Amino acid sequence: MTLSDKISIGLSVDAHKFKPGGPLIIGGVEFDFDQSMEGHSDGDVLLHAVMDAVLSAADLPDLGTLFPETDENAGRSSVDMAREVTRQLKVQGIRILSIDSVVLAQAPKISPFRSQLRESLAACFDISVSRVNVKGKTFDHMGPIGNAEGIEARAVALVERAGA
Ligand SMILES: [Zn+2]
């Protein structure tokens, strides 16, 4: 297997609406904020985007297929889901090489939490902090994200398949 046969990239995006009341969880990190995300699980928009990017790169079923909207998955921790995704990748002999992501939010401010978010993602996906990045962006008050109706996250992941 040549290097180009072993390396794949995956891209994904996710968005959730705000609902009143905390805690707000982004990338497994709890933010002191008076709103949280609507969603069947804990609505962790960043972890959802990263998991789907990783699964796409690994050519595995997507998040909605792995964790359907059943009672069992209601309110489920996305950190637990990310650890399960990471476990399934290892079983398939697939290693995550790199993750990059952007959180689009008018509020709360993401940038002061960048290092905490990187550490959290690195722990979830069992890779080194230097291989994970998270940036925060606003939409300059334009559209639903800019009007603080919700948060969007985008992610890319690079994975390597085992093989000679
Ligand atoms: Zn989601």
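**A close look at the sheet**

Reply: Start with strand β1 (residues 7-20), which is joined to β7 by eleven bridges, the two running antiparallel. Strands here are DSSP runs of E with at least two residues, helices are runs of H or I with at least four, and both are numbered from the N terminus. Two strands count as paired if DSSP finds at least two bridges between them. Keep in mind that this is a predicted model: local features need pLDDT of at least 70, side-chain atom pairs count only at pLDDT 80 or more, and totals for chains, interfaces and linings use all residues. Residues are numbered from 1 along each chain as its sequence is written.

Now put it together. The five strands make an open sheet in the order β4-β1-β7-β5-β6, with mixed pairing. β4 (35-37) and β6 are the edge strands, each pairing on one side only. On average, neighbouring strands are turned by 25° against each other, direction ignored.

How enclosed is β7? Nine of its twelve residues are buried, so β7 is largely enclosed by the rest of the structure. Buried means 20 or more other C-beta atoms within 10 Å of a residue's own; 12 or fewer is exposed, anything in between is partly exposed, and C-beta atoms are placed from the backbone.

What lies across the sheet's β5 and β6? That's helix α5, running at about 140° to β6. (Axes are lines fitted to C-alpha atoms, for helices over the stretch in contact, and angles run from 0 to 180 degrees between N-to-C directions.) Arg-118 sits in α5. With 20 other C-beta atoms within 10 Å, Arg-118 is buried. Leaving aside its neighbours within four places in sequence, Arg-118 is in contact (C-beta atoms, placed from the backbone, within 7 Å) with Val-129, Val-132, Asn-133 and Val-134.

Key
Two residues are in contact if their C-beta atoms, placed from the backbone, lie within 7 Å.
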